[in-house]
Amino acid sequence: MKFLIVRFSSIGDIVLTTPVIRCLKKQVVTAEVHYLTKPAFHQVLAANPYIDKCHLLGENINATLEALKQEDFDYVIDLHHNLRTWRLKRALGKKAFSFPKLNIEKWLLTRFKINKLPPVHIVDRYLQTLQAFGIKNDGTGLDYFIPPHQEISLSDIPASHHAGYIGIVIGATYATKRYPVHKLKEFCEKINHPVILLGGKEDFERGREIASVDPVKVYNACGKFSLNESADIVRQARSIISNDTGLMHIAAAFKKKIISLWGNTVPEFGMYPYYGANYLSHSEQPPFSVLEVKGLSCRPCSKIGYNKCPLGHFKCMENIEVEEVLKAQQEYLK
């Protein structure tokens, strides 16, 4: 049987689909698994051994559709579920199973703070699209595969960090999902442990400001490494502090201890760190901490985020005290 899995973006969302890829490939003996995504996210999947072929969504969607028609798929597993994937499914004319996005429920929560969302992680909702094939969650969690040539060596990071470091993911697409720079500076001043700051080129200046508190203890890696190289820095870290963003899910794939910081979004959306039942059953302590400000009448204000706080106070992040982060981190360093 030939399957096409569809998820166009983004890094974290694609990583969260990896149990679908693995379970489909391993539990359906005849499964040939193809995946369609945007070119910008190809590197997230390029080394995944459970994918037989990865297709990229070109600017000319008609050309992409024609190429996909030639593959003659048996089934489409739609994990993005928007107007563009509706058009794709209609063009291919194959039986499709689609992931429910629960947009109405999310709107109720962000607009009126009425929570009608099911208490189910998004990974398990993704896997529900495979029920017709008798596929079960194998409990293994997320996958992330780094090509050997994109692994980092000790020479790629400062000698001061060779004995171990904490990784801090300072980036996020939207400002309302980022822990403030002044609080990260305070954390880095007080923590008695080497730190590597992680993010893209757009985060470099924020990283430089944070690292200025102690350029020896704090290494600003933002924009200096590719996604897979950054993922390898995450893999080798003692623990990870992260906003609600893609590298948080990559850290969960590597079973790292995570302190997750939540601003305008909430774990109730079902996208908190996911480890799988097998790992959780053998873990002596919870593998991740959720730090958030509960009881704010304005939170969550968006399922995605904003470039600035709509109300101007940004209490959802400003009220997460640095001492809380330090305390959680010290527990993981014991």
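**View 1. The largest pocket of this predicted model holds about 1,300 Å³ of space.** Its lining consists of 46 residues, and those closest to the pocket centre are S10, I11, G12, D13 and T173. Sorted by class, the lining comprises 19 nonpolar, 17 polar and 10 charged residues.

**View 2. Several helices contribute to the lining of the largest pocket.** At least two lining residues come from each of α1 (11-15), α3 (42-45), α6 (103-112), α7 (122-127), α10 (227-236) and α11 (246-253).

**View 3. Six strands form an open sheet with parallel pairing.** Read across the sheet, the strand order is β8-β7-β6-β9-β10-β11. The edges are formed by β8 (218-220) and β11 (288-291), each of which pairs on one side only. On average, neighbouring strands of the sheet are turned by 20° against each other, with direction ignored. In general, the strands of a sheet pair through backbone hydrogen bonds, in either a parallel or an antiparallel manner.

**View 4. Strands β7 and β8 run parallel and are joined by three bridges.** Strand β7 spans residues 195-198. Residue L197 has N220, in β8, as its bridge partner.

Definitions and conventions. Residues are numbered from 1 along each chain as its sequence is written. This is a predicted model: local features need pLDDT of at least 70, side-chain atom pairs count only at pLDDT 80 or more; totals for chains, interfaces and linings use all residues. Side-chain values use heavy atoms; hydrogens and water are left out. Two strands pair if DSSP finds at least two bridges between them. Helices (H or I, at least four residues) and strands (E, at least two) are DSSP runs, numbered from the N terminus. Axes are lines fitted to C-alpha atoms, for helices over the stretch in contact, and angles run from 0 to 180 degrees between N-to-C directions. On a 1 Å grid over the protein atoms alone, a cavity is a set of points where a 1.4 Å probe fits but cannot get out, and a pocket is an open set with protein on both sides within 12 Å along at least five of seven lines; lining residues have an atom within 4 Å of a point. Grid points are joined across faces, edges and corners, and a volume is the space filled by probe spheres set on the points. Ala, Val, Leu, Ile, Met, Phe, Trp, Tyr, Cys and Pro count as nonpolar, Asp, Glu, Lys and Arg as charged, and the others, Gly among them, as polar.
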